[in-house]
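Hi! Here is the structure I promised to pass on to you.

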Amino acid sequence: MKAETERSEVVSHFDESSSEACVGCDLEADLPPSCPVALVIFGATGDLAARKIFPALYNLALAGRFHPDSRIVAVGRKAFDTPAYVATIAPAISEHSRRTVDAEIWTRFAGQIGYLQGELSDRALYESLAGVLRSAVMPRMRLYYLAIGPDQFAIAAEGLAAAGLGSAVFDGARAGEEGVVSRLVVEKPFGSDLASARDLTRRLQGAFLERDIFRIDHYLGKETVQNLLYLRFANSVFEPLWNRDHIARIEIDALETVGIGTRGGYYDRAGAARDMLQNHLFQLLCLTAMEPPASLDPEAIRDEKVKVLRSIPRYEAAEWRSRSLRARYSEGRSPAGAEVPAYLREAKVAPDSTTETFVALRLEVDNWRFAGVPFVLRTGKALDRRSSEIRVVFRSPPRALFSSYGGELGHNILTIKIQPDEGLWFSFNMKVPGRPRVEPRDLRFGWSEGDGLPEAYERLLDDAIRGDSTLFIRADESEAAWDLVDGLRRSWGEPVSQGAPASRGSSASRGANDSATLLEYPAGSPPLRLPGVFP
């Protein structure tokens with residue numbers, strides 16, 4: 001009886017106007033407004049929903065990309081009615097939206113939200129949800145967003161399928177309903193190793209068809225990352241040079257000056273390799289190294305990304321160790337002067353933890369285009385700089401003509417800046433005015449500020465609603481990346497030793513690894529330093 005009452009309250013909250021079906025709508029991104037969708041957000045009272053999902057949806061509404069006939073069913077454990085829940089969303093949008101709140105748009109957007117309370121493990125929740133979604137006001141396009149803990153992904157997916165809301169045949173039951181499209185959005189992490197990733201894939205695919213599963217990585221929604229394909233394949237000045245004959249090395253960084261903050265419970269189980277290397281950095285590597293796809297069809301692009309991951313050798317343990325460097329930050333200060341506690345003193349970190357907070361790795365993509373070109377990947381916390389970028393370092397020109405000038409000719413470097421200061425920098429050699437000397441100079445392009453670049457979640461949510469999976473991760477792609485990270489982590493074997501007190505001095509390598517190769521930067525930039533000392 002309680003479930004029936006809650007279902008009725010949610011349905012009655014929505015405007016009783018007819019809802020336009022949009023199962024077969026045009027998916028062209030430049031044809032606003034978007035399709036009406038019934039968007040179900042699990043974990044709607046959590047931080048991700050407040051900081052990212054709802055602000056992104058509101059910005060889409062401002063841009064005419066969230067259809068006025070769309071409906072949002074927010075599912076959470078807390079005891080709210082719909083008006084009380086909507087009242088918690090308003091300040092979150094004011095704080096985190098990149099656009100100023102428009103009273104008229106907000107009023108309409110708020111009227112599209114309903115709240116449903118329940119436990120993910122309770123079958124009654126999914127039956128209540130099914131009743132809500134089958135009401136006359138609901139669109140026939142459904143998108144289920146799992147903004148919940150990774151240990152609950154499969155539980156929620158199977159709960160939906162058991163209630164007839166999935167898209168695959170589940171436990172012998174008929175899949176979904178006639179004329180309904182159902183899609184599932186899953187946040188990272190997609191498992192914690194290859195075995196768990198495969199198990200998660202098996203359970204998710206038991207509830208939803210693979211074509212309907214959208215594994216989201218917010219890095220792929222960033223405007224600069226999206227432009228990688230266009231930069232490479234829409235410009236004849238770059239693509240002919242994008243190979244081993246002209247490129248000396250490629251460097252991919254995702255560096256932060258802050259520590260782990262309040263994420264100790266999750267981070268201590270993951271570490272830098274699993275938290276960032278397996279997904280964000282490998283995705284950037286794939287887009288940088290992939291061959292031209294046969295078309296812009298999502299599967300054609302994702303096929304080429306998987307080929308890149310499969311072209312990376314599975315090294316023996318000694319080779320993995322020689323190609324990697326890992327560390328953990330000790331007590332120190334950030335570049336802004338803030339105190340950074342030692343990792344082992346962070347909240348929710350085990351006192352005997354062996355988790356790394358920094359990893360650098362040198363790989364090769366063993367195919368015709370990039371054979372012999374090193375790819376250096378670096379990511380970590382509490383570092384001396386904040387930077388997410390890709391640097392394509394071209395081979396130096398012959399020096400004979402300029403030998404009388406003395407010194408070294410700098411590399412031409414194409415830097416694709418993801419954050420901060422999104423844009424492109426190109427470094428080239430020029431004569432110094434009035435002097436017989438050659439020095440590097442930069443040609444810079446940055447995206448206009450204006451209202452700011454669209455947030456990654458705006459693009460990804462819009463794509464998921466329209467069914468465009470280009471910027472989402474396929475199961476085989478995720479598993480190929482886990483296969484690589486598992487090999488790396490097995491090779492480390494011994495625990496990470498604790499760093500010494502804060503030091504900006506030299507770092508020490510471990511074993512046979514070449515720390516200079518993994519930490520050096522081109523064009524005279526200072527090498528990377530931790531607040532502590534490398535083990």
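**What I found**

Let's start with strand β11, where six of the seven residues are buried, so the strand is largely enclosed by the rest of the structure. Before you go further, keep in mind that this is a predicted model.

**The sheet around β11**

Which strands does β11 pair with? One is β8, joined to β11 in the antiparallel sense over four bridges.

Now zoom out. These strands belong to an open sheet of eight, in the order β8-β11-β12-β7-β13-β14-β15-β16, and the pairing is mixed. The edges are taken by β8 (324–327) and β16 (438–446), each of which has a single partner strand, so one side of each is left without a neighbour in the sheet. From one strand to the next, the twist averages 15°. In case the words are new to you: strands of a sheet pair through backbone hydrogen bonds, either parallel or antiparallel.

Further along the sheet, β13 (residues 387–394) and β14 (residues 413–419) run antiparallel and are joined by six bridges. Isoleucine 390 has isoleucine 416 as its bridge partner in β14.

**The helix lying across it**

The side chain of asparagine 279 reaches the backbone oxygen of arginine 274 at 3.4 Å. Leaving out residues up to four places away in sequence, asparagine 279 touches Lys188, Asp217 and Arg274.

Next, go to β4 (residues 141–146), where six of its six residues are buried.

β4 pairs with β1 (residues 38–42) in the parallel sense, over five bridges. Here valine 40 stands opposite tyrosine 144 in β4. β4 also runs parallel to β5 (residues 181–187), with six bridges joining the two. The partner of tyrosine 145 in β5 is valine 185.

**Two crossing helices**

At what angle do α2 and α3 cross? The axes of α2 (residues 47–62) and α3 (residues 82–96) cross at roughly 85° and come within 9 Å. The two helices are therefore roughly perpendicular to each other. From α2, the contact is made by Ala50, Arg51, Phe54, Pro55 and Tyr58, and from α3 by Tyr85, Ile89, Ala92, Ile93 and His96. Sorted by type, the residues of this contact are eight nonpolar, one polar and one charged.

- The side chains of glutamate 458 and arginine 98 are joined by a polar contact of 2.8 Å. Apart from neighbours within four places in sequence, glutamate 458 is in contact with Ala56, Asn59, Leu60 and Arg98.
- Alanine 79 is in the loop between β2 (71–76) and α3, and counts as exposed at 69% relative accessibility. Alanine 79 and tyrosine 115 are 36 residues apart in sequence, with their C-alpha atoms 9.6 Å apart in space.
- Alanine 347 is in the loop between β10 (339–340) and β11, and counts as partly exposed at 49% relative accessibility. The C-alpha atoms of alanine 347 and glycine 261 are separated by 8.0 Å, while the two residues are 86 apart along the chain.

Happy exploring!

Technical notes: Residues numbered from 1 in each chain as written. Predicted model: local features only at pLDDT ≥ 70, side-chain atom pairs only at ≥ 80, totals over all residues. Heavy atoms only, no water. Pairing = 2+ DSSP bridges. Axes fitted to C-alpha atoms, helices over the stretch in contact; angles between N-to-C directions. Polar contact = N/O pair within 3.5 Å; in protein donor to acceptor, adjacent residues only side chain to side chain. Contact = heavy atoms within 4.5 Å. Buried < 20%, exposed > 50% of the residue type's maximum accessible area, 1.4 Å probe, protein only. Parallel < 35°, antiparallel > 145°, perpendicular 65-115°, else oblique. Nonpolar A, V, L, I, M, F, W, Y, C, P; charged D, E, K, R; others polar.
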